[in-house]
Amino acid sequence: NSTFWKTQSEKDRQRIAKQLKQHLEDLAKYYHAESQKLKKPAIYRQAARWYRMYVESFPQDPQTPAMNFLLAELLFEAGDYLAAATEYDKTAYQYSDHPRRAEAGYASILAYRKHEKNLNSRQLQSFHARTIDSEIRFADTFPTHKHAASVLTSAAEDLFKANQFDRASEIAQRVINIQPVAGKELRRTAWTVLAHTQFERKQYVQAEQSYIQVLQLSSRSSKQYADIHERMIASVYKQAEQQ
């Protein structure tokens, strides 16, 4: 953004940029390493400054996504979780394909969750929708990732708690249908959310069948088994009431 830069020829800019990128990378990584040793806010800010200068100066450079990821990592280490989530999101979703996209997308969810721990109940209520959206966006973008099923399950549970029954049902069904098949506990949770949403929407025939799926995935000796069995019986009783 300097006058010097604006007055250079394109040829000279390319020559200077090559050296400039190396200097910026060296400075950013040096202060990042120092911040990890000294744990001082001023050093974190120095490292962030050089990372941001690199990212903003060379948005099209092949190295920029990796530098943006390191900026997000730095902010996470500094405890600035919301800013970290923003940079992880940028790394995951605003650059073309690069090796750390999925890692950044999942790290963004973790950063949002860390940020939530610093909020009071009123703030959390309004903010949590952002975390849910981050989880769904991650699964939409990286559907075969090893964490896709778990983040979708978390989103389905939270949507049900928020009384968003239509979205909760849709996301729970995605967990049930996901490939490769989700683990037993995740499927049990997804079937539970689906059954509860169907019951709340008075879809008692479907709810009965979903509760049966939950029972098949539950231990007979568990308290949950008895609770789900009661819910299944209630859905049958409700069908009789409808008749």
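This is a predicted model: local features need pLDDT of at least 70, side-chain atom pairs count only at pLDDT 80 or more; totals for chains, interfaces and linings use all residues.

**Salt bridges.** I start with the term: a salt bridge is a side-chain nitrogen of Lys or Arg within 4 Å of a carboxyl oxygen of Asp or Glu. Residues are numbered from 1 along each chain as its sequence is written, and side-chain values use heavy atoms, with hydrogens and water left out.

I looked up Arg174 and found a salt bridge to Asp140, with 2.8 Å between the closest N and O atoms. Arg174 sits in helix H9 (residues 165-177) and Asp140 in helix H7, so this pair ties together parts that are 34 residues apart in sequence. I take helices from DSSP runs (H or I, at least four residues; strands are E, at least two), numbered from the N terminus.

How exposed are the two partners? My scale is relative accessible area: buried is under 20%, exposed is over 50%, and partly exposed is in between (1.4 Å probe, protein chains only). Arg174 is partly exposed at 28%, and Asp140 is partly exposed at 45%.

Next I checked Arg113, whose side chain meets that of Glu135 in a salt bridge (2.7 Å, N to O). Arg113 belongs to helix H6 (residues 101-116) and Glu135 to helix H7, so here the tie joins parts that are 22 residues apart in sequence. Arg113 is partly exposed at 29%, whereas Glu135 is buried at 1%.

An α-helix has 3.6 residues a turn, so residues three or four places apart point the same way. Lys223 is exposed at 63%, and Asp227 is partly exposed at 38%. How many salt bridges does the structure hold? I have 14 on my page.

**Helix H7.** This helix kept turning up, so to speak, and I gave it an entry. The expected span of a helix is 1.5 Å times one less than its number of residues. For the 21 residues of H7 that gives 30 Å, and the end C-alpha atoms are 30 Å apart, which agrees. Where is the kink in H7 centred? I found it at Phe127, at about 40 degrees; the bend at a residue is the angle between axes fitted to the seven residues ending there and the seven starting there.

The buried residues I noted in H7 include Phe127, His128, Ile132, Glu135 and Phe138. Ser134, also in H7, is buried at 5%.

**Pockets.** Rolling a probe the size of a water molecule over the atoms shows where empty space is left. On a 1 Å grid over the protein atoms alone, a cavity is a set of points where a 1.4 Å probe fits but cannot get out, while a pocket is an open set with protein on both sides within 12 Å along at least five of seven lines; lining residues have an atom within 4 Å of a point. Points are joined across faces, edges and corners, and a volume is the space filled by probe spheres set on them.

The largest pocket has a volume of about 320 Å³. Helix H1 (3-6), helix H2 (10-38) and helix H3 (41-57) each supply at least two of its lining residues. Among the lining residues I wrote down Trp5, Leu20, Met53 and Phe58.

The second largest pocket has a volume of about 200 Å³. Which helix gives the most to its lining? I found H7, with 6 residues.

**Loops.** A cis peptide bond joins Gln179 and Pro180, with omega about -5 degrees. Pro180 is in the loop between H9 and helix H10 (184-200). Lys39, in the loop between H2 and H3, has a positive phi near 60 degrees and is exposed at 55%.
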